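Notebook open, model loaded. I want to go through the salt bridges and then the pockets.

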Amino acid sequence: MGVHGVKAVFFDLDNTLVDTAAAGRRAIEEVINALQSKHHYSEGEARVICDKVQAKLLKECHDPSKMCITDLRISHWEEAIQETIGGEVNRNLAAECYFLWKTTRLQHLTLAEDTRGMLTELRKGFRLLLLTNGDKQTQREKIEACACQPYFDAIVVGGEQKEEKPAPSIFHYCCDLLGVQPTECVMVGDSLDTDIQGGLNAGLKATVWLNKAMTTPVDISPVPHYIISSVLDLPAVLQKIGHKINAKLGADHMASNN
């Protein structure tokens with residue numbers, strides 16, 4: 001299913017193709033259970049520790065030249081445990097929590113069967129590229145875990161590049177990889193700040209915002225070209241883009257004849 005004028009589709013990974021948030025919730029519950037059953041923390045204490053870690057992950061600033069992501073994230077758990085319980089720093093418990101969280105999250109990162117089917121079909125008409133921000137090690141582990149490599153012509157991880165989304169440079173690098181122009185590409189992702197803003201910054205043909213909640217803010221910014229509630233709605237959007245391009249070509253042709 002090709003679309004006239006569109007040659008490539010770029011996909012975000014986390015919470016676009018795979019439900020990283022749900023996998024993360026499962027992982028947190030595993031840690032809470034372990035802290036209670038194995039280490040005799042109360043449920044309240046265990047939840048406070050995990051809440052603190054999640055807050056630290058959201059604010060995380062990682063410089064791979066100074067510290068590996070494993071050490072940084074173990075230190076998140078270490079700090080959260082000490083802030084909650086006090087006493088001596090417990091590096092061993094922190095490491096145990098981190099590896100349990102990480103392993104469980106990766107186990108629950110799956111590329112759904114219907115998503116695999118959609119990607120297989122799309123690839124018959126488009127070049128597909130996975131474009132994900134984040135630490136090189138973390139993102140490569142996720143890509144491996146959900147076994148999505150066979151569905152893409154190329155995979156680009158922000159942590160391996162000079163700049164991440166929404167910088168235009170990483171989008172233009174993706175275009176060069178596939179041998180296409182920005183105006184021949186569509187970006188699909190769940191983040192307005194990185195995926196949509198980045199696609200707009202780079203001058204792509206269209207941006208498609210995956211908004212699972214479908215409760216759209218009144219003053220949505222930046223403004224995506226299209227909004228979908230499921231990634232499976234994408235083929236219909238690509239057809240719409242094709243119809244628009246064809247209609248414009250028809251109008252331009254008539255104008256030139258006149």
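First, my cut-offs for burial: buried means under 20% relative accessible area, exposed means over 50%, and partly exposed is in between (1.4 Å probe, protein chains only). By that rule, Lys-142 and Asp-14 are both buried.

Housekeeping next. This is a predicted model, where local features need pLDDT of at least 70, side-chain atom pairs count only at pLDDT 80 or more, and totals for chains, interfaces and linings use all residues. Residues are numbered from 1 along each chain as its sequence is written, and side-chain values use heavy atoms, with hydrogens and water left out.

**Entry 1: salt bridges**

I searched the whole structure for salt bridges (a side-chain nitrogen of Lys or Arg within 4 Å of a carboxyl oxygen of Asp or Glu) and got 19. I picked out a few.

Lys-142 and Asp-14 form a salt bridge through their side chains, at 3.1 Å from N to O. Lys-142 sits in helix H6 (residues 136-146) and Asp-14 in the loop between strand S1 (8-11) and helix H1 (20-37), so this pair ties together parts that are 128 residues apart in sequence. For the labels, helices (H or I, at least four residues) and strands (E, at least two) are DSSP runs, numbered from the N terminus.

Next I looked up Glu-83, which forms a salt bridge with Lys-52, with 3.7 Å between the closest N and O atoms. This pair links distant parts of the chain, Glu-83 being in helix H3 (residues 69-85) and Lys-52 in helix H2 (residues 43-58), 31 residues apart. Glu-83 is partly exposed at 46% relative accessible area, and Lys-52 is partly exposed at 28%.

Lys-56 and Glu-79 also meet in a salt bridge, 3.2 Å from N to O. Here too the pair links distant parts of the chain: Lys-56 is in helix H2 and Glu-79 in helix H3, 23 residues apart. Lys-56 counts as buried at 15% relative accessibility, while Glu-79 is partly exposed at 37%. Salt bridges with shared partners join Lys-52, Lys-56, Glu-79 and Glu-83 into one network.

**Entry 2: the largest pocket**

I used a 1 Å grid over the protein atoms alone; a pocket is an open set of points where a 1.4 Å probe fits, with protein on both sides within 12 Å along at least five of seven lines, and lining residues have an atom within 4 Å of a point. The largest pocket has a volume of about 1,100 Å³. It has 33 lining residues, and those closest to its centre are Asp-14, Leu-57, Arg-73, Gln-139 and Lys-142. H1 gives the most to this lining, with 5 residues.

Where does the largest pocket lie? Domain 1 (8-19 + 111-243) and domain 2 (20-108) both give residues to its lining, so the pocket lies between them. The domain bounds come from an automatic or database domain assignment.

**Entry 3: the second largest pocket**

I noted about 260 Å³ of space in the second largest pocket. Its lining has 19 residues, and Leu-17, Val-18, Asp-19, Ala-112 and Lys-212 are the closest to its centre. Two or more lining residues come from each of H1 and helix H5 (113-122), and H1 gives the most, with 3 residues. Domain 1 and domain 2 both give residues to this lining as well, so the second largest pocket lies between them.

Terms used
Grid points are joined across faces, edges and corners, and a volume is the space filled by probe spheres set on the points.
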